[in-house]
Amino acid sequence: MATMVTSTRPVIQKGAGGSPGMPGPNGNGSKRRDPFRGPDSKGNRYRIGMWVGLASIAMMFTSLSSAYIVRSGSAADWLPLRIPRVMFASTALILLSSVTLEVARRKLKRSFAEAYSRYLLLTGVLGLAFLGSQLVAWRQLAGQGIYLSTHPHSSFFYLLTGAHALHLAGGLLAIGFLYLRSRPKLDKPGLATTRQATADAVSIYWHFMDGLWIYLFLLLFLWR
Amino acid sequence: MSVEHHEGVHRHPAPTGFIRKYIFSVDHKVIGIQYIILALAAVLVGMIMSLLMRLNLSWPGTSWPILETLFPTGAPGGVMTPEFYLSLVTMHGTIMVFFVLTTAPQGGFGNYFLPIQIGAEDMAFPTLNMLSFWVTLVGFIVILLAIVVEGNQGIGEWFGTNLGPSFAGGSGTAGPIGGWTGYAPLSALGKIAGPGQGAGMNLWVISIAIFCIGSLLGALNFITTLLNMRTKGMSLMRMPLTCWAWFTTAVLALLSFPVLLGGGILLLLDRIANTSFFIPSGLYVSGLLSGSNPNFPLHTGGSPILWQHLFWFFGHPEVYIAILPGMGATSHILATFARKPVFGYRAMVFAIFAIGLLGFFVWGHHMFISGMSPYSAIAFSVLTLSIGVPSAVKTFNWLGTLWGARIRFTTAMLFAIGFVSLFVAGGITGLILGQSSLDLPMHDTYIVPAHFHLVMGVASIFGMFAALYFWFPKMFGRFMSESIGRIHFWITFIGVYTIFVPMHIMGIVGMPRRYSSFTEYRFLDSLHPLVVLVTVAAIVTIAVQILFYFNVFWSMFKGKKAGDNPWEATTLEWNTTSPPPHDNFAGVLPTVYHGPYEFAVPGAPKDYVMQTDVSSEVPSGNGHNGNKH
């Protein structure tokens, strides 16, 4: 069936579909620099994966916020909570932890392994302190007799802060993992790229959780 | 054919032990097959449920002794109770949509073939891939448990003592009741709301939440793999249409499942933590007023419509999650057996994207009767009907691909053509139901199940049949039996039309869906012969699927041996052995020089040019030079 031709349209076209003639170094059709598997490919994988994962986390919080907005607008039973004072401390702690993590990441980039490790530890401590501070806020509210099912705003308050805390706890695990791997004796040679990539991915996640907290704080206490 | 090499990669060595190789495997091919087996098991369960429903619709009140043995509470004396019927509706829908139409097309075939078709040795995150399958499997086990717990008082009590009072006891029906959409407030109230609302319903919600997490892990992996791991020369516009379809499906899953997860969490809190997200004020249920009784605490101000919005914001993209991989496989298979390039490759890519994008803005068409503003209804109508445009682009391009071709009518090709037929036949009623004025009278009649079964249910399944017959030789190194395949195709094809075309008529007459029998409705008596016809067709169609199951498992071991490229196809999966080695390309990743569907290239030595071919470059120019007919 060498020449069973059923179409007279030229099927090979210029451009991305594949051009005739000699294939270039990247094969036909690639106009820009080689977008395919290079030495960075494995490292990029973690960053891409993290952004993609964050898109889905963002969608979940979007769905919860849209429920919040609909529920707060439709009901006469909406009794907004006062901002627990300690949550300002939480906010300061998580903002600070983003700064220290960013410092850690830059230390790693310049191969200051000791400093990287130290700042990671500091970030982890700040993250734990944030969770502790959230716990204090919950305890205070519970002490005033305000529980999950007390009224719609308290339901959303516990749900949103709880979901955020759960995600942040995941981030803390990741930071603990980075910290364990950052100690020289556990470091295997040849993992520099992967280590930088995982550090980048974790810091993207952590900053996102930071931004998410600011957003939730504003939503919970300024929207209605 | 010569293959250029670069970056030989062995990221994980081939496992040797049985458990790491076949059970807790991180190999995307094994995971793909695991997903397909899960879907084959789930579809069997869902199919038996539909058979039971059909039997009750045709011959209501008949005693089926075996039913009493299996479900003593659901069918006392062997006669199906209406509650049992409703729980069948619920579980059939849930199992089919989640564990069949979402697992096989994406998790199954996508997992197996996406990495190979883009020239990668595995998924980007193999361990995550394994996790996504096992999470999904747990979801399936939990949904089966939901039936057991809801229908069995003893097991329900055990759950109550061990998991807390909100899991105590089922309601004694056969399973959860709520439809696959689980509308609030019925689904949000808990046991007080009556049959099918006990502990099993909690498990139903939990199962779906688990499923969401599994799908999200999978979607993350698909997107990263496709963006990051394409081999040299595999530009985006050289990817097979299957890859585009899986990619778009993954994006849809990534953005829509979290919304369902969020809604599911709210629903579960309403059920077990006495919140009022979806439960309105002043409900009077089962003879009790909300707040008047410790069993029915006070609920105020929730919005049942909110659940519908959250559910359908997920639910509509979900139907594209089910059908898009079928579209991809159909395009791929039509081109291969028509021996012609896909007509309008670029248009096909944009149409897939347009369908995916528009799919996010049309959820309101499921809610026309919810009392929404007519202006919103018009907006949702217009957006819904506009999906007809990319759908028509795809349909005409499929026909364009077939036009004037010397078609090789393999079983895979028959099913692919069947897909086009069913997609058109089912899609055409979408134009009717998508208009709010027409949907108002037709809503909740049989025309709705007729429409969505044809267009997203059976069409997707046909896409998967086509894919299985087509890729089976690659997956197992053996062909499926073509003669059994043809019998399977023709009976199934005629069967599904005989089942679903009469349902359109029933819907227009006004037969409501979800009723267990119609003995009390005189105006529907004249339809009874049609109801029986549908049941007979369903029995025949289901019977022939046994032949299909036999074909799958028999051919796995006894089928005719297949070579590396038995269909003379062009894409990368045909460039490796059948079945492919552990890292897909035996250590050397291929380099791509051609588009995915270069069939019948004028001047080429064969009637197809593989994506890796360097030697069969056609003379320069537009390809007409040296053209011999």
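**Exercise 1. Classify A600(B) as buried or exposed, and place A600(B) in chain B.**

Solution. 
- Step 1: count neighbours. A600(B) has 25 C-beta neighbours inside 10 Å.
- Step 2: apply the cut-offs. Buried means 20 or more other C-beta atoms within 10 Å, exposed means 12 or fewer, partly exposed lies in between, and C-beta atoms are placed from the backbone. A600(B) therefore counts as buried.
- Step 3: A600(B) sits in the loop between β3 and β4 (608–609) of chain B. Helices (H or I, at least four residues) and strands (E, at least two) are DSSP runs, numbered from the N terminus.
- Step 4: check the backbone. A600(B) is not a glycine, yet its phi is positive, about 50°.

This is a predicted model: local features need pLDDT of at least 70 and side-chain atom pairs count only at pLDDT 80 or more, while totals for chains, interfaces and linings use all residues. Residues are numbered from 1 along each chain as its sequence is written, and chains are lettered from A and ligands numbered from 1 in the order in which they are written.

**Exercise 2. Trace the surroundings of T173(B).**

Solution. 
- Step 1: locate. T173(B) is in the loop between α7 and α8 of chain B.
- Step 2: count. There are 26 other C-beta atoms within 10 Å, so T173(B) is buried.
- Step 3: list contacts (C-beta atoms, placed from the backbone, within 7 Å). Setting aside residues up to four places away in sequence, T173(B) touches T73(B), G74(B), E83(B), F84(B), S87(B), E150(B), G151(B), P195(B) and G196(B).
- Step 4: compare sequence and space. T173(B) and A75(B) are 98 residues apart in sequence, but 8.8 Å apart C-alpha to C-alpha.

**Exercise 3. How are the axes of α9(B) and α10(B) oriented to each other?**

Solution. 
- Step 1: get the geometry. Helix α9 (residues 241–272) and helix α10 (residues 304–338) of chain B have axes that come within 8 Å and cross at roughly 160°. Axes are lines fitted to C-alpha atoms, for helices over the stretch in contact, with angles from 0 to 180 degrees between N-to-C directions.
- Step 2: classify. Under 35 degrees is roughly parallel, over 145 roughly antiparallel, 65 to 115 roughly perpendicular, and the rest oblique. α9(B) and α10(B) are therefore roughly antiparallel.
- Step 3: sort the contact. It holds 22 nonpolar residues, nine polar and one charged. Ala, Val, Leu, Ile, Met, Phe, Trp, Tyr, Cys and Pro count as nonpolar, Asp, Glu, Lys and Arg as charged, and the others, Gly among them, as polar.

**Exercise 4. Which residues make the contact of α10(B) with α13(B)?**

Solution. 
- Step 1: get the geometry. The axes of α10(B) and helix α13 (residues 388–402) of chain B come within 9 Å and cross at roughly 15°. That makes the pair roughly parallel.
- Step 2: list the residues. α10(B) gives M327(B), T330(B), S331(B), L334(B), A335(B) and A338(B), and α13(B) gives K394(B), W398(B), T401(B) and L402(B).
- Step 3: sort them. Six are nonpolar, three polar and one charged.

**Exercise 5. Which residues of the largest nonpolar core touch the most other members?**

Solution. 
- Step 1: define the core. It is a set of buried Ala, Val, Leu, Ile, Met, Phe, Trp, Tyr and Cys residues joined through C-beta atoms within 7 Å.
- Step 2: Of 231 residues, I223(B), L254(B), F415(B), A459(B) and A466(B) touch the most other members. Helix α9 of chain B supplies the largest share, 21 residues.
- Step 3: inspect one. Beyond four places in sequence, A466(B) is in contact with A329(B), T330(B), I333(B), A412(B), F415(B), A416(B) and F419(B).

Conventions: Two residues are in contact if their C-beta atoms, placed from the backbone, lie within 7 Å.
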